[in-house]
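Q: Could you take a close look at how the strands of this model are put together, and at a couple of residues that sit in them? I'd be glad of the cut-offs along the way.

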Amino acid sequence: MIPRVFRSFRRALVEVALLALCSALLSTAAAQTPPPDRCATASGEFDFWIGDWTVRWTGPDQRELEGRNRVRRALDGCAIMEEFDGTPGSPLKGISVSVYDPKRKVWKQTCVDNQASYLDFEGGFADGRMVLARSTEVNGKPVRQRMIFHGITRDAFTWDWQRSRDDGKSWETTWQLRYTRAR
């Protein structure tokens, strides 16, 4: 016969062992559960842009010009990286990085190119359009600039570059790019 103190001790050991096992199983499950997507708040809003694109536009001489654009997720899915190559239609080449700011609930985009341009835009997606805008100066005068992605389908959209010299009361399209998904 096992004395009562040993039975209590054995029961306590079994309970500790079970607690340790449960703790180990929970820790393993937590380690295998993917962390929450910290970029999920608005990550789908720019998904239409991801892919390889043929880009067409009308040049100053009214000729149809063509370039390419490659857009990918980057930095663990928290950014969208664009690589634009205007050739053969234009010597313009550039890159942009877009991220969503969940605190302010806006998209931010920074663009640089081989013309030494640096552009910074903010905006968002509403009514089926992505609109990113900024304020700047051109020849010492205030100008608003914006990009509007619209007519968005799975395999095509239009991207208008616009400017306003009257603080947004009226807008002029300075460059319209027609995107089709590259095959």
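A: Ten strands form a closed barrel in the order 1-2-3-4-5-6-7-8-9-10, with antiparallel pairing. Strands here are DSSP runs of E with at least two residues, numbered from the N terminus, and two of them pair if DSSP finds at least two bridges between them. On average, neighbouring strands of this sheet are turned by 25° against each other, direction ignored; the axes behind that angle are lines fitted to C-alpha atoms. Before we go further, please keep in mind that this is a predicted model, where local features need pLDDT of at least 70 and side-chain atom pairs count only at pLDDT 80 or more, while totals for chains, interfaces and linings use all residues. Residues are numbered from 1 along each chain as its sequence is written, and side-chain values use heavy atoms, with hydrogens and water left out.

Let's begin with strand 1 (residues 51–58) and strand 10 (residues 172–181), which pair in the antiparallel sense over four bridges. Val-55 has Tyr-179 of strand 10 as its bridge partner.

Further along, strand 6 (residues 118–126) runs antiparallel to strand 7 (residues 129–138), joined by five bridges. Gly-124 stands opposite Val-131 in strand 7. The hairpin of strand 6 and strand 7 has two residues between the strands, and Asp-127 takes a positive phi near 55° there. Strand 7 is also joined to strand 8 (residues 141–150), again antiparallel, by nine bridges. Val-138 has its bridge partner, Lys-141, in strand 8. This hairpin too has two residues between its strands, with Asn-139 in the turn at a positive phi of about 55°.

Now for a residue in strand 9 (residues 156–164), Asp-160. Asp-160 is buried yet has no salt bridge, and the nearest side chain of opposite charge, Arg-129, is 7.1 Å away. Buried means under 20% relative accessible area, exposed over 50%, and partly exposed in between, with a 1.4 Å probe and protein chains only. A salt bridge would need a side-chain nitrogen of Lys or Arg within 4 Å of a carboxyl oxygen of Asp or Glu.

Finally, Val-97 is found in strand 4 (residues 93–101). Val-97 is partly exposed, with a relative accessible area of 33%.

Notes. Lys and Arg count as positive and Asp and Glu as negative; His and the chain ends are not counted. Axes are lines fitted to C-alpha atoms, for helices over the stretch in contact, and angles run from 0 to 180 degrees between N-to-C directions.
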